[in-house]
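User: I am new to reading protein structures. Please take me through the features one at a time, with the general idea and then the case here.

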Amino acid sequence: MLVKKCMKFAIMSLLHSSVLFHSVTAQAEWQEAGIRMGLQAGPRREYFHLYQAFAVYGLPWEWRCPSGWGMAPSLNVSAGALTGGNESGFIGGTGAGLVFNNDNGGIALEIGVGLDVMDRRQFGEQDFGSILLWGAHMGVSYRFKGGMGIGYRLQHLSNNRILYTRCTPNPGVDMHMFSVSWHF
């Protein structure tokens, strides 16, 4: 519930601030690649860890102030392993993100949504209800001058019962994700 409220606040804040920016055409290209490690944020039947390799593809639009601060949309892809209940399985995902940053580096804020697929829905006693999960995240990162970056995000995964009946389990999981990346 807290994650949903924070996501709504972040989206509304970014949309309201868009009137301050002017549109700039950006080059569509791969912008970042890295690894993430996640620890479960709240209690569940099983304790989960998430390990991912990820890449970010910048889309050809940006909204920037003359100072360099602004927003830019991106496509995100990831592949990795979800571990819980003494079992591990593949998880891969794709989604869209919106980052608020300075084009010269430094701190950045990000929100995003995505679709994840797992090779199993059961981990020990935890049943996710499906191998197809929806995800949402919000985070903060810092890009150093040389291109290296570090980051933190709060990530939520669940089936949201969008494609499923009320009888389908929907426990979801929230993860504290820490990343190291390289910006191109």
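Analyst: Let us start with Val180, which is placed in strand β12. Strands (E, at least two residues) and helices (H or I, at least four) are DSSP runs, numbered from the N terminus. Residues are numbered from 1 along each chain as its sequence is written, and side-chain values use heavy atoms, with hydrogens and water left out. This is a predicted model, in which local features need pLDDT of at least 70, side-chain atom pairs count only at pLDDT 80 or more, and totals for chains, interfaces and linings use all residues.

User: Is Val180 buried, partly exposed or exposed?

Analyst: Look at the relative accessible area: buried means under 20%, exposed over 50%, and partly exposed in between (1.4 Å probe, protein chains only). Val180 has 39%, so it is partly exposed.

User: Which residues is Val180 in contact with?

Analyst: Contact means heavy atoms within 4.5 Å. Setting aside neighbours within four places in sequence, Val180 contacts Gly34, Ile35, Phe54, Met148 and Gly149. Sequence distance and space distance are separate things. Val180 and Met37 lie 143 residues apart in sequence, yet their C-alpha atoms are 9.2 Å apart in space.

User: What about Ser181?

Analyst: Ser181 is also in strand β12, which covers residues 173-183. Ser181 is buried, because its relative accessible area is 7%. Its contacts, leaving out neighbours within four places, are Glu32, Ala33, Gly34, Phe54, Gly147, Met148 and Gly149.

User: Which side chain makes a polar contact with the side chain of Ser181?

Analyst: A polar contact is a pair of N or O atoms within 3.5 Å; within protein, one must be able to donate a hydrogen and the other to accept it, and residues adjacent in sequence count only if both atoms are side-chain atoms. For Ser181 the partner is the side chain of Glu32, at 2.7 Å.

User: How do I find empty space inside a model?

Analyst: Rolling a probe the size of a water molecule over the atoms shows where empty space is left. On a 1 Å grid over the protein atoms alone, a cavity is a set of points where a 1.4 Å probe fits but cannot get out; a pocket is an open set with protein on both sides within 12 Å along at least five of seven lines; lining residues have an atom within 4 Å of a point. Grid points are joined across faces, edges and corners, and a volume is the space filled by probe spheres set on the points.

User: How many cavities of 30 Å³ or more does the structure hold?

Analyst: One. The largest cavity has a volume of about 210 Å³. Its lining has 23 residues, and Asn76, Ser78, Asp116, His137 and Arg153 lie nearest its centre. Strand β7 gives the most, with five residues.

User: What classes of residue form that lining?

Analyst: Ala, Val, Leu, Ile, Met, Phe, Trp, Tyr, Cys and Pro count as nonpolar, Asp, Glu, Lys and Arg as charged, and the others, Gly among them, as polar. The cavity lining has nine nonpolar, eleven polar and three charged residues.

User: Where does Ser78 lie?

Analyst: Ser78 is in strand β5, residues 69-84. Ser78 counts as buried because its relative accessibility is 15%. Its side chain makes a polar contact with that of Gln52, at 3.3 Å.

User: How much space lies in the largest pocket?

Analyst: About 660 Å³. Of its 40 lining residues, Gln31, Glu32, Val99, Asn101 and His183 are closest to the centre. Strand β10 gives the most to this lining, with six residues.

User: Where does Asn86 lie?

Analyst: Asn86 is in the loop between β5 and β6. It is exposed, because its relative accessible area is 85%. Its phi is near 60°, a positive value in a residue other than glycine.

User: How many helices and strands does the chain have?

Analyst: The chain has one helix and twelve strands. Of its 184 residues, 45% are buried. Among contacts between residues at least 6 apart in sequence, 61% join residues at least 24 apart.
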